[in-house]
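Dear colleague,

Here is the structure I said I would pass on. My notes on its charged side chains follow below it.

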Amino acid sequence: PIDGQSALDYLEQAKMFWDNTVNKTFRVKEAIQPLQNSMLDNIRKEIKRFDADLTKFVKEFKSNGPFHWLDSRQKDAYTLLDKYQKQLIILTEKGKAVNELEDLFELSLSAHEPLHQVGEDLLVLKGLWDVILLVDSNLSSWKNTAWADIKTDDLLDEVKGLTNLLKAQPKKPRSWPLFKTLESHVKNLSITLPLIHDLHSPAMRDRHWKSLAKVCDVKVIDPNDPKFCFEDAMKLKLDSHAEDTEEIVETATKELKIERKLRDIENVWRDLTLDYV
């Protein structure tokens, strides 16, 4: 008791203070507890729905994403990439909202790791399809180039560039069907383009082109024909006949050396004066 206050009055005031603070807080908490429980149940249901949507999205992405070499190529591939990128953005925003609710009600935060994985896969896929676009764009630009106008040095530089682009790709996509097909395609080009370069050798004669036509199982190959172009050379599928093609060019080169040597001998003997004794 203070200032002559009786113990009974003091206890009565203490009881009133307790009722108006602590007990009132407990009563309010008891009153809102069912509401909190209901909200927590709804939040947990929302989290489950989001997890189900996320699982469905990842499954569809892995099944229908542009992981394979498409017949229609870039158009459909980039359409699919845009589609999944938009869905990823929407799900990422929903994931942030779910995390905010979890934080508000002191629940453990969901990591939503699949969202990050899909985001990384989309970036890698975009890079692979950009390489495919580059390959197709170059082949398309060279398509109608006449045989005599083909810049073979540019072809060799292109092979090196494409090979380096593939080597620079991350390890993860190397098991994807798209990467394997692209790798095979670039490998074929890395064989074919140097062969086209070699076939521009001045040592090639009609007889050598006839041998090459026989190897490639075509009726005739006439590099002097103005209509014979890069596309026609690609149709020969030289990568499937690499060894035979190299042998024909090597033979032509050796024969040219012999021809030049014989020509030198003829020139010497033609102007040589012989004295018979």
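**Charged side chains**

Arg207 has a relative accessible area of 41%, so it counts as partly exposed. Please keep in mind that this is a predicted model.

The side chain of Arg207 forms a salt bridge with that of Glu259, at 3.1 Å from N to O. This pair links distant parts of the chain, with Arg207 in helix α6 and Glu259 in helix α8, 52 residues apart. Through shared partners, salt bridges join Arg205, Arg207, Glu255 and Glu259 into one network.

Glu259 also meets Arg205 in a salt bridge, at 3.4 Å from N to O. Here the two residues are 54 apart: Glu259 is in helix α8, and Arg205 is in the loop between α5 (177-199) and α6 (206-215). Glu259 is partly exposed at 24% relative accessibility, and Arg205 is partly exposed at 27%.

A search of the whole structure gives 10 salt bridges. One of them pairs Lys83 with Glu60, at 3.3 Å from N to O. Lys83 lies in helix α2 (residues 74-104) and Glu60 in helix α1 (residues 7-64), 23 residues apart. Lys83 is partly exposed at 34% relative accessibility, and Glu60 is partly exposed with a relative accessible area of 26%.

There is also a patch of negative charge on the surface, where Asp198, Glu243, Asp244, Glu246 and Glu247 gather. Helix α8 (residues 242-270) gives the most to this patch, with four residues. Glu243 lies in helix α8 and has 67% relative accessibility, so it counts as exposed.

Regards

Key:
Residues numbered from 1 in each chain as written. Predicted model: local features only at pLDDT ≥ 70, side-chain atom pairs only at ≥ 80, totals over all residues. Heavy atoms only, no water. Patch = residues over 30% accessible without salt bridge, like charges linked within 9 Å, V, L, I, M, F, W, Y side chains within 5 Å. Areas by Shrake-Rupley, 256 points an atom, 1.4 Å probe, with all protein chains shown as cover. Salt bridge = Lys/Arg side-chain N within 4 Å of Asp/Glu carboxyl O. Lys, Arg positive; Asp, Glu negative; His and termini not counted. Charge placed at Lys NZ, Arg CZ, Asp CG, Glu CD. Buried < 20%, exposed > 50% of the residue type's maximum accessible area, 1.4 Å probe, protein only.
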